[in-house]
Amino acid sequence: MQKTSARLLSLLSLLQARRDWPGALLAERLDISARTVRRDVDRLRELGYPIVAFKGPDGGYRLDAGAELPPLLFDDEQAIALAVALRIATTSGAGIEEAAARALNTVRQVMPARLRHRIDVLQVTAVERSASRPGTRVDSGVLMALGAAVHAREVLRFDYTAATAPGAGEGGRDVERPAPPPRRAQPHHLVTWGGRWYLVAWDLDREDWRTFRVDRITPRVPTGPRFTPREVPGGDVAAFVAGRFNGSPASGDWPCRGEVILDLPAAVVSRYAHDGFVEELGPHRCRLVLGSWSWPGLAATLGRFDADIEVVGPTELREAFAHLAHRYARAATNTPSGPGTPDPATPTAPGTPTTDH
């Protein structure tokens, strides 16, 4: 039989692995008597573990939730997963970076040397965003409040800060504007995109789907009545959010997609094509299908490959290349067109997505 300390750790590990354990099964797994199981359960209770007994034909024990977090026992894989998650959390921008770093340090200190070495080799560096799009930090309390509303399926009331500050009045004087009424929405999902947190919700006032930046949300209490969840268009929240930012709310696909042939090896192009489709046509030639939010944007992206380009289609992509060629030629000769002079072959740009960001 195991020593008492080792047996208690084995018992605790089993109780954490599943919700309910019949007493007879615990005794069998630990190779001890039912009486010893009862004594060991009492010892764990004295150490602060909230273990409750349940009656019935298969009466047994359950590790319940208590007022305080008791010491936990993790196997090697769980410990590694926890440490990796905490390491990533220190760069998440969720307002929990300092707490995650402290938790990671606590977990690391009690890890065996073999596990500590595996964790130490994983180093994650948070790279600051450029000044054109500075990184944002959200209040962890706001995240928890939004998550609770999503889980409880309760209507959320919140104040939402506009993307730009109100304009100044005539003569540069500030104009006092009445505070906008709180927004009302049915919260469905919390998502991250491009280093920012967003709430996907059904806007009750606009009767449409919206994505709200979490760093601009100030929740109001109490929350509203419960609601029946809707299904996001397409049924896939990831594709739906991607579509909102790409400009195609329904399908999640780019609104502009074109096909070209590049005089470059497919292995080179595929490293920079991201979500594009690359097909090898020869040692130094490939076909690329790529998307963008506009035709000029797609043409400019393809021009970055610094190779001869053959446009397969569509016509809008050819027109975008002609449009950019004319603009670049003017820039090379320093002959601005001046106001009111249109560029030839200007492609039609698609509409912008309905996203509150």
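In this predicted model, the largest nonpolar core holds 19 residues, and the members that touch the most others are V260, L262, V269, L288, L302, F305 and L317. Two or more residues each come from β9 (256-262), α9 (266-270), β11 (285-292), α10 (295-303) and α11 (315-333).

Skipping its neighbours within four places in sequence, L302 is in contact with V260, L288, L290, I309, L317 and F321. A separate core of 16 residues lies apart from this one, with W21, I32, V37 and Y49 among its members. As background, nonpolar side chains tend to be buried together in soluble globular proteins.

Now for the rings. The count of aromatic pairs comes to 5, and here are two of them:

| Pair | Centre distance | Plane angle | Type |
|---|---|---|---|
| F158 and Y160 | 6.2 Å | 80° | edge-to-face |
| W209 and F240 | 6.0 Å | 65° | edge-to-face |

Both pairs get that label because planes over 60 degrees apart count as edge-to-face.

What lies over the face of W202? That would be R230, at 4.0 Å from the ring centre.

Notes: Residues are numbered from 1 along each chain as its sequence is written. This is a predicted model: local features need pLDDT of at least 70, side-chain atom pairs count only at pLDDT 80 or more; totals for chains, interfaces and linings use all residues. Side-chain values use heavy atoms; hydrogens and water are left out. Rings of Phe, Tyr and Trp (its six-membered ring) pair if their centres lie within 6.5 Å; planes under 30 degrees apart count as stacked, over 60 as edge-to-face and the rest as tilted. A charge sits over a ring if NZ of Lys or CZ of Arg is within 6 Å of the ring centre and within 35 degrees of the ring normal. A nonpolar core is a set of buried Ala, Val, Leu, Ile, Met, Phe, Trp, Tyr and Cys residues joined through side-chain atoms within 4.5 Å. Buried means under 20% relative accessible area, exposed over 50%, partly exposed in between (1.4 Å probe, protein chains only). Helices (H or I, at least four residues) and strands (E, at least two) are DSSP runs, numbered from the N terminus. Contact means heavy atoms within 4.5 Å.
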